[in-house]
Structures are given as structure tokens and as C-alpha cells.
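The sequence and structure come first.

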Amino acid sequence: MSSESLIERCKRLEKIGKAASELLLRLLRAGGREEFFNHACTHIKSALEVELCKILRYEPERDEFLLISGHGFGEGVVGKEVVRGYSKAHHTLQEGKPVYSEDVSSEKRFEVPDFIKRHEVVSGLSVPIHFENGVWGVLGVYSKDRRRFNEEEVKFLEAVASSVSAYLEKSELLSELSKEKHKLELLLTYLKDVISIIDREGRVRYKSPSVEHVFGWEPKELIGKPFHELIHPADLEHLLAVKERVFLNPEEPISIEYRFKSKTEGYRWVEATFFLPAEWEKLGLEGAIVSERDVTGRKSSQEKVLKMSYFDLLTGLPNRFLFLQKLEELIKSAERRNELVGVVVIDIANFKEINDVYGIDTGDAMLSEIAHRLVNKLRSGDVVSRFFSDEFGVILPNIKTATGLNKALEKIRASFDEPLKHGETNVLLKANMGVAVFPRDGRDAGTLLRKAELALSKAKDSENGGIHFFSKDLEERIATIVLIKSRLHESIQNGEIFPYYQPIVKLKESKPIGMEALVRWRHPELGLISPSRFIQIAEDSGLILEIGEFIVDKALSDLSALQKRGFYDMYVAVNFSTKQFLDENLPDKIRHNLNAHGVEPRHFLLEITESTAMKEPARTGEVLEELRKLGIQIAIDDFGTGYSSMNYLIEFDVDKIKIDKSFTSAMLENPKAESVVKTIIDLSHSLGASALAEGIEKEEHLEKLKSLGCEEGQGYFFSPPVEFDKLENVLENIADIK
Ligand code: C2E
Ligand code: CA
Ligand code: CA
């Protein structure tokens, strides 16, 4: 027991108590580590009235102690002083409980460092500082007196040591927390999203630092300001409504898209979700959490897709879909204002040939040019649309009178008047137009467009093309088409379909040398129908193959009969449509038919039109070669009406070129037509073919053609197409004409 008096002891205990409570306070308010350890040492030193107090941390890797804090004897250098060897600290560590040494000079359990000896330390007490299931370090006090540390003092030191442990735990936790906080900060900085807190008044209370790299703003530039300040005016109303809704409906996330002004790049599309946690006030939130994401990229690709589904890519014009939508709208406003709306469908008749001859790129450029002209010529309220390929649609709203409508149509027509340039060449587009008018022809977009398209199909059929209005009459004609369609199949079986024959004459001698089979249909209700009315329908439905085969068979059997009656050198010409001509089995079928009727191949002339030949020029070349091998003759029909491609014609090996009747009938009055006829005749000869003129209606036609060197011809002058029964008579009469 020490020799101290009771009073002294009481004083010391009081001191210890005070120091302990102060330490606890400090611990609670713990600032930095260093500060805390310093205070711990100062208080221990004065409470226990010792000369020296040290906190040493154990470094297990090197089995050394490092001075963390020390008071007394000039302290030593914190963080540097190292206690090596087997010291009292080592011993405390090993024991795991307080180690007390009354006289260090006689200590046998451990080594006493030199500086302790130098300072004439006599007694010492060390307690371990526990932390995380082990000993973190040692707290030691030394006295110059030979002194026995009493129980309270040991307890006090142990209490301080456990305070240190508590402090270590807390600071560890804090440092871990700050690590988490750091992560959170990084997250909020580098996030692709911007997180904000918006209060009830719409003020920005928080903006995540990510706002800087997402929108270019620094958080401090936005915090405190109304959150809608940088929103596109067009999106503002909706956004403010969403804000109201969010505060009325906690726990309900609401998503919205709007444009937000970035610092450098103008408006960006933002997709935002607003959310107000139910307990937001209790949670200490100032308002709703908003997370925003820049979706401008996605938006623009959406817009592209949208554009693609509403606009034609080549011309940028509205497509048929959008056309119908706009038409619907314009009809509504016309209805209110008692106005007319013109619906026009335009088709470029010779576009296919242009594409074939000049290539698709040039074709496209020409379409763009036409689109441009239409838009420029028409009023800004008019709608110009491209439906597909060479088909355009125009809506003419705000029209009050028929005269007004005509003026607008005239403008459309005028768009095609001026030729398009292709290098040195001028290309004239031939446009057909079908027109339907609201309210006369229909009251809804679909009906009006359909009627305009029907009118267009009529415009295509008519000789001069041009503008065609939808009419009652047209409706009737269309009904006829339906009638034709529905009976076409039966007609073949019922023998309603058969050929008429028109003689083909050798002009020099006025001698019949052939006959062209021209199909007719004796319809039970409609009477005799010309091929121009049903061939296309048959072609579209595929029935043309059946009709064609029947005609070939009939023509050969009729020819064979005729030959037996003395017209041995006659040939028969048969017209082939595109489908028939491109039929893979065509050569076989012809060979078979020739054999069946015992007709020599040279007495069979296959006619294809120029446009059929140009549909698939390469394929045409192959088919023609195969057909030549059969030994039959081949003619190009309606020459000059399509878009003649010299290159290909030279390649194709044909026997005859047929001059279209439009040239023949015009050549007497029109020198240009005459020169076309002459050119075709000369061209035929240069290709080793002969020329055959159609539409010879007058003697003058005959004389002119003869003078130009045309070999063969046909036309009403000699004979119209007649039934087979009458043909023999006709042929005999022709020989007499001369
Ligand atoms: P296409 O081959 O050019 O036939 C000549 C057309 O001119 C015939 O009309 C004929 O009746 C008419 N024609 C004959 N001489 C004269 C004349 O002096 N003046 C005038 N203005 N016209 C004359 P059609 O018979 O109505 O035949 C029309 C078209 O139908 C034919 O034109 C041909 O392309 C096609 N066609 C006729 N029969 C068949 C067939 O069996 N199969 C196929 N695929 N098409 C056929
Ligand atoms: Ca023909
Ligand atoms: Ca013809």
C-alpha cells in the first residue's frame, strides 16, 4: 500500500472521476484522432499524477510498438518512436491484462528501454487497449516514485483504455462511413442521371453534381431557383401539372418527357421520374425526388423512325399515310367553311422507261425535281405527297369554285411542261392525273382517294392521258370492269373468247402475206368487248396465260386450215403479253403447238411490245434467242410509243419492227411524225429486219409508206380485223385492191 493520506487519496479519486467524465465528453465530441489521444494522455497524466503517459500501437507485421501519443519526459516523437525488443508493452500484450512493475530496475519479465532508465523511472503500469477481438496497443504510465498503483487507478486506466477502444470503434465506423459517403459522392457526380430535390413551391433544393457533365450546369447555378426556369416553354404546362400531381400523390412515381436547356448545347430531351416518398418530411427530405436522364439521342432516332413512317425518304414529302391524315383534317375544315377540296393522284406514264434507260439514280433525281416543282408551284396550304415510285398525291384545299380548282390543276400540269435535263438530253415526263372532289365524289379521305385513283386508271387508259375527273360514268365503267373480271374465267370455257384476224399485206404488191390474231370477247351482256378493255385485267389476274394458250392454238389451227385452202405462204401473228412472254415454258408450248398443227415455224410471228421487251432486257435477250432456235419470227410491236432503247434493240435479233398506228396516221400532216416513221424504217433495215406499218387507213398512207421503203402493213384500208369465217373473202379482195 502506498503511504499517501486519505485526503490525498480522495483528492486523487475526485480527479480521476473528473478526468474520466471529461474524457467521455471528449470521446463523444471526438474530433481528430490525434486530438483525442492527446487529451487522453494529458488527463491520465494529471489524474494519476504520473510523470509519463503513453499510448502505443502494436504493429504485428514488425512486432513493434509505435508511439501514438505521449506526455512527459519530452514526449518522444509521435509516430516515430518505436519500442523494440521484448518490452513491458510486449509483455502487456502477451498477458492481455494490466501489468504492474514496482521497480523497473529489478524487472526480470521484460527489457526496460534505455530512455526509461535515463529518466530514472521507477514504477510503471500498462493496460492493453482492446480492439476488434485483439489487442490494438498499450496504454502505459510511469512514475519516478517507487509506487504501488491501487485498484481504482488500475480500473481508471482500464476504463480509459476501453474508452480508447470505443473511440477507435467509432472512428473506424466514421471512416468507413466517410468511405461510403465518398462512394455516394462519386456516384452522384458520375451518374448518367441527374438527381434533384424539388420542394412544394417548385424550388430546386438539391442537384446532384452529375448535372455538370450531363447538362453543363454546376449545381450551385441551379439550387434555390425555380426548377422550371430552364424548361422549354412548350413543355412547361405539362411539367407544372406533374409537379402538382406528385405532391398530391405520394408514393406514386410519375414519368414525363420535356426539353431542358443545357448550358452549351441548347435544349435536350429529358425523361424524368418524379417521386415523393410517403414519409418525406420525416425523412428530412425537402420535397420530391426527381431523376432526369438525357434521352435526346433516343428521341432523335425515334423521330427518324417517325419520319420514316410519315414521310417519303427520297423527296421528304408526306407519304400516303400522312396524306390521308391531312386529307381527313382538311375535309373537316372545308366542311365548316363550305369549301371544295380537290384530291389529285398523279402518275408519270413514262417513268418506268426513264428508270430503265437512265438508271435508277437519274430516275430518283427526276422524281425529286418533280416533287420540288410541285411544291413550288402550288400554294403553301396545298399538300404534296409521294405515294410510291412515280405516283404522287396532291390535296388542294381552300377551293371555292370549279374555276379555282381548274387553276390549281393547271399548275400541277405545268410542273410537267418543262423538260427535265439529263446531261445534254431533255426528258419530258408524261403525267396522268386522276381527280376527285369533296364533297361531290365523297365525304371521307379514303373514298376520295380511291375515286381519284380510279379516275387516274381511266386517265392512263385514255389515248391522250392528261387529267381525268372521277364521274358517274366512270363509276359505271368501273362496274363493267368488275363484271368483266367476274366472268373472265368462264368466258374461255364458254367459247366467248376467240380471235378476229386482220390481214397483213406486202405493200409493194398489195399481196396478203399474213394475218394478225386479235382477241375478242363476246360477252353475253356487254356484247363484243375489245382487248384493250380486258387484256390488262387478264394480265393482272394471271388468266392471260390461259387466254394466250387458247389464242395460239386457235390461230395455228385456223392458219393450218387457211393454208390447206391455198394460202400456203401466209403467216399468223400472235400478240404476247409480258406474263406470257416471260413464261418459262413458252418455247416448249410453241414447239408443241406448231407440231400439233403441222405449221412451219417460219409461218408463226410472235409479237411483243417494246415495253414488254424492256421490262427485263437481259431475260428478253435469252428468251428471244431460244425462240429463234425454234425458227419462228419475232416482231417488236407498237414501236416508238415506249421509250426506245437503241442499245438493247440492236442486241435483240428480231425479224420485224411494227410502226405504231399513231405515227402512220399523223405522218401525212406532221413532218416530225413522218421523220419518225422514216427513222424506224431505216433502223429496221439497219438491224436486218423489215418494217411493218399499222393503221393504214388511206391510199396516201400506203403510198407514203411504200416511198419510204416500208415492206409490210395492215389497217382498215385493207381490212379491219374480221372473224375467221370472213377472212378468206377478205384476203381475196385485197389482191384486187391494186
Ligand atoms: P395491237 O397489237 O397494236 O393491235 C392493233 C390494233 O389496232 C387492234 O386493236 C386493231 O383492231 C387496231 N387497228 C387495226 N387496223 C387499224 C386502223 O387502220 N386504224 C386504227 N385506228 N386501228 C386499227 P384491237 O384489236 O382492239 O387490239 C388492241 C390491242 O390488244 C392490240 O394492239 C394488242 O396489243 C392487244 N391484243 C389483241 N389481241 C391480243 C391477244 O391475243 N393477246 C394479247 N396479249 N394482246 C392482244
Ligand atoms: Ca400487235
Ligand atoms: Ca400495235
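Donors are N, O and S atoms within 2.8 Å of the metal, or 3.2 Å for Na, K and Ca; water is not among the atoms, so sites may look incomplete. With that in mind, the donors of the calcium ion (ligand 3) follow the spacing D-D-x55-E along the chain. The model is a predicted one.

| Ion | Protein donors | Distances |
|---|---|---|
| calcium ion (ligand 2) | E516 (OE), N575 (OD1), E607 (OE), D637 (OD) | 2.1 to 2.3 Å |
| calcium ion (ligand 3) | D637 (OD), D638 (OD), E694 (OE), E694 (OE) | 2.0 to 2.6 Å |

Along the chain, the donors of the calcium ion (ligand 2) are spaced as E-x58-N-x31-E-x29-D. Here E516 belongs to strand β20 (residues 511-523) and D637 to strand β24 (residues 633-639), so the pair joins parts that are 121 residues apart in sequence. E516 is buried, as is D637.

Which residue bridges the calcium ion (ligand 3) and the calcium ion (ligand 2)? D637 does, and the two ions lie 4.3 Å apart.

The domain assignment of the chain gives domain 1 (3-174), domain 2 (183-300), domain 3 (322-470) and domain 4 (486-650 + 721-733). Taken over C-alpha atoms, the centres of domain 2 and domain 3 are separated by 49 Å.

Key:
Residues are numbered from 1 along each chain as its sequence is written. Chains are lettered from A and ligands numbered from 1 in the order in which they are written. This is a predicted model: local features need pLDDT of at least 70, side-chain atom pairs count only at pLDDT 80 or more; totals for chains, interfaces and linings use all residues. Side-chain values use heavy atoms; hydrogens and water are left out. Domain bounds come from an automatic or database domain assignment. Helices (H or I, at least four residues) and strands (E, at least two) are DSSP runs, numbered from the N terminus. Buried means under 20% relative accessible area, exposed over 50%, partly exposed in between (1.4 Å probe, protein chains only).
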